[in-house]
Every structure is written in structure tokens, then in C-alpha cells.
Amino acid sequence: YLVTGGAWFIGSHLVERLVADSHRVRVLDNFSTGKRANLVDVVASPSLEVIEGDIRDGKQVERAVVGVDGIFHLAALVSVQQSVENPYLCFDINARGSVNLLDAARRAGVEHLVLASSAAVYGDVNAPPLREFMQPKPMSPYALDKLYMEQASAMYSALYGMDTTLLRFFNVYG
């Protein structure tokens with residue numbers, strides 16, 4: 001498996017589990033928010049490969065997807081405030097970077113992708129519970145770019161037969 005953002009909080013726990021379950025795992029992380037220390041328990045494993053790279057770099061992504069059976073896409077700019085302050089950076093990472101990954105996966109023949117989205121796509125909903133069928137109303141560049149990623153993954157699934165699963169995370173903590 002390839003885990004983008006594999007040195008961040010969610011990604012590092014997923015990597016630990018995949019390695020514990022005897023899977024070969026490749027991590028692609030630029031370490032802007034992820035930490036090598038998060039992988040300390042598995043870094044010596046012969047089944048783990050860590051690539052310091054960025055999903056915005058098409059060539060690095062192409063190399064990272066070679067030979068993988070599935071991808072967990074967790075790399076992202078996750079700060080809503082930072083997305084408001086720098087919407088282009090957010091788009092570059094969350095939208096364009098995700099399409100880099102989807103297209104490289106398509107060309108490499110990777111059929112299974114799990115992509116991390118966000119409950120932020122729903123906007124400011126004052127009447128919980130939220131339901132998947134609710135109309136998205138993104139209210140930040142971050143939310144808009146996550147919704148774009150969702151739509152791009154649906155398009156890749158429809159056009160190219162890729163099996164994509166989206167996870168709309170709410171408040172993740174640990």
C-alpha cells in the first residue's frame with residue numbers, strides 16, 4: 001500500500017496497523033506537518049519504505065504509486081484558517097495534488113483508493129446529525145478543495161473503473 005501523509009497523526013497509525021498486519025507499506029510525506037517520530041515504532045521494519053516527497057510533484061507521485069495494490073490518500077493542508085489566508089496553496093495541495101495522485105494511480109493500474117475528505121464540505125450546519133445525502137455547502141477554500149477532490153475521485157471511478165472510497169472525517173483526535 002501507499003499511504004500519503006503517512007507520518008501525520010492518522011496516517012502513522014494506519015501505517016503501524018498495515019505493517020503489523022504484514023503488509024508492505026510505502027509512505028509518501030513531505031514532513032511539513034508529519035513527523036518522523038510518528039513512525040519510530042515501524043521505521044526499522046523491512047516492509048516499510050519512506051519517501052520524502054510531495055503530492056504536488058507529479059514525478060515523485062508517479063514513482064510512489066509504482067507496484068502498489070492500493071492507496072490511502074491522507075496528505076493535505078488541513079488548516080481551514082491557513083486555507084483562508086492562502087487559498088492558492090490549499091488548492092495546490094488538496095485539489096491539484098489529489099488529481100496528481102488519482103491520475104498517476106490510473107496510469108499505474110492501481111484500482112483501489114481511499115481518500116480523506118472532511119465534514120467541512122457540509123458548511124455551517126446548525127441542525128445535526130449530518131447525513132451523507134445532505135447538499136454540500138463549502139464555506140472555506142479547504143472545504144471547497146476537499147469537495148473538488150471528492151468529485152474528481154467520482155469522475156475517475158466512472159471514467160476509468162477505479163474503486164474509490166471517500167471518508168469524510170469530522171473531529172479527529174487522540
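A: Helices (H or I, at least four residues) and strands (E, at least two) are DSSP runs, numbered from the N terminus. By that rule the protein chain has 5 helices and 6 strands. The model is predicted: local features need pLDDT of at least 70, side-chain atom pairs count only at pLDDT 80 or more, and totals for chains, interfaces and linings use all residues. Residues are numbered from 1 along each chain as its sequence is written, and side-chain values use heavy atoms, with hydrogens and water left out.

Q: In what order do the elements of the protein chain run from the N terminus on?

A: The order is β-α-β-β-α-β-α-α-β-α-β.

Q: How is a pair of packed helices described?

A: Two packed helices are described by the angle between their axes and the distance between the axes. Axes are lines fitted to C-alpha atoms, for helices over the stretch in contact, and angles run from 0 to 180 degrees between N-to-C directions. Here, the axes of H4 (residues 87-108) and H5 (residues 141-160) come within 9 Å and cross at roughly 15°. H4 is therefore roughly parallel to H5, a term for angles under 35 degrees.

Q: Which residues make the contact of H4 with H5?

A: Contact means heavy atoms within 4.5 Å. Among the residues involved are Phe91, Ala95 and Leu102 of H4, and Tyr148, Met149 and Ala152 of H5.

Q: How many residues of the protein chain are buried?

A: Buried means under 20% relative accessible area (1.4 Å probe, protein chains only). Buried residues form 43% of the 174 residues in the protein chain.

Terms used. Parallel < 35°, antiparallel > 145°, perpendicular 65-115°, else oblique. Buried < 20%, exposed > 50% of the residue type's maximum accessible area, 1.4 Å probe, protein only.
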